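Reader: I'd like to learn how to read a structure feature by feature. Could you walk me through one?

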Amino acid sequence: MTEHARGDTELRTDGERRAAEALDAAGIAYERTRHGRVSSLAEAAAARGIDPTDLLKTIVVRRGEDDHVLVLVPGDRTISWPRLRALLGVSRMSMPDAATALAVTGYERGTITPFGTTRTWPVVADERVRGHRVSIGGGGHGVGFTLDGDDLVRVLGATVADVTDPEA
């Protein structure tokens, strides 16, 4: 079921509420889609009626002590660690465990979105995010927000760069 979020009163989790409020405050148009829990990215894309390339993964990356970055990665791609390290000017990076990702964003893995995080982190968007509609996590399991990729980049103040490779 796809809903236009304006006036939607069914914000089922605190994370979903925070994400929707942050999107509303950003003033950009979006649609919320609810589809229940899924077991893969391809299943989530099908449930949202989009191509897997347009479903963005929000990946938490640790670049230093209490220093994280959110990386927006198209569904059919993976982070290019050498290019991301070069972009951020660091020699080492890692992905935090699930508990740390929750602690630094306020979202469980599988629900992470750059909107409404409990702390504001810099965002890096792969260059393929621009120019079309994309879907991101909605702050709860089985919830997604679909919006214009250019609006997404703009309101987040994201750094845009080629930071991904095709998945093997």
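Reader: Let's begin with α1: how many residues does it have, and how far does it reach from its first C-alpha to its last?

Author: Keep in mind that this is a predicted model. Helix α1 has 13 residues and reaches 18 Å from its first C-alpha to its last, close to the 18 Å expected at 1.5 Å a residue.

Reader: Which residues of α1 are buried?

Author: Here is the general idea to start with. An α-helix has 3.6 residues a turn, so residues three or four places apart point the same way. In α1, the buried residues are Gly 15, Glu 16, Arg 18, Ala 19, Ala 20 and Leu 23. The cover over them includes β2 (30–34), α4 (98–105) and β8 (143–148).

Reader: What follows α1?

Author: Gly 27 follows α1, and the phi of Gly 27 is positive, near 75°.

Reader: On to the nonpolar core. Which residues have the most contacts inside the largest one?

Author: The largest nonpolar core has 25 residues, and Phe 145, Leu 147 and Leu 152 have the most contacts inside it. Two or more residues each come from α1, β3 (56–64), β4 (67–74), α4, β6 (123–126), β7 (133–137), β8 and α5 (149–156). The largest share of this core, three residues, comes from α1. Apart from this core lies another, of 11 residues, among them Ile 59, Val 73, Ile 79 and Val 163.

Reader: What is Leu 152 in contact with, leaving aside its neighbours within four places in sequence?

Author: Leu 152 is in contact with Leu 56, Leu 72, Phe 115, Val 129, Val 134, Ile 136 and Leu 147. Leu 152 is also one of the buried residues of α5, together with Gly 149 and Val 153.

Reader: Which way do β3 and β4 run, parallel or antiparallel?

Author: β3 and β4 run antiparallel and are joined by eight bridges. Along this pair, Ile 59 stands opposite Val 71 in β4, and Val 60 stands opposite Leu 70 in β4. On to the next pair: three bridges join β4 to β6, and these strands run parallel. There, Leu 70 stands opposite Val 123 in β6.

Reader: Why is β4 largely enclosed by the rest of the structure?

Author: Seven of the eight residues of β4 are buried, so the strand is largely enclosed by the rest of the structure.

Reader: What should I look for in the loop between β3 and β4?

Author: Check the backbone angles. Most residues other than glycine have a negative phi, and most peptide bonds are trans. Asp 66 lies in this loop, and although Asp 66 is not a glycine, it has a positive phi of about 50°. The hairpin of β3 and β4 has two residues between the strands. At 44% relative accessibility, Asp 66 counts as partly exposed.

Reader: Let's finish at β9. What is Val 160 in contact with, leaving aside its neighbours within four places in sequence?

Author: Val 160, which lies in strand β9, is in contact with Ala 125, Asp 126, Glu 127, Arg 130 and Val 153. The C-alpha atoms of Val 160 and Asp 126 are separated by 5.7 Å, and these residues are 34 residues apart along the chain. With a relative accessible area of 25%, Val 160 is partly exposed.

Notes:
Residues are numbered from 1 along each chain as its sequence is written. This is a predicted model: local features need pLDDT of at least 70, side-chain atom pairs count only at pLDDT 80 or more; totals for chains, interfaces and linings use all residues. Side-chain values use heavy atoms; hydrogens and water are left out. Helices (H or I, at least four residues) and strands (E, at least two) are DSSP runs, numbered from the N terminus. The expected span of a helix is 1.5 Å times one less than its number of residues. Buried means under 20% relative accessible area, exposed over 50%, partly exposed in between (1.4 Å probe, protein chains only). Contact means heavy atoms within 4.5 Å. A nonpolar core is a set of buried Ala, Val, Leu, Ile, Met, Phe, Trp, Tyr and Cys residues joined through side-chain atoms within 4.5 Å. Two strands pair if DSSP finds at least two bridges between them.
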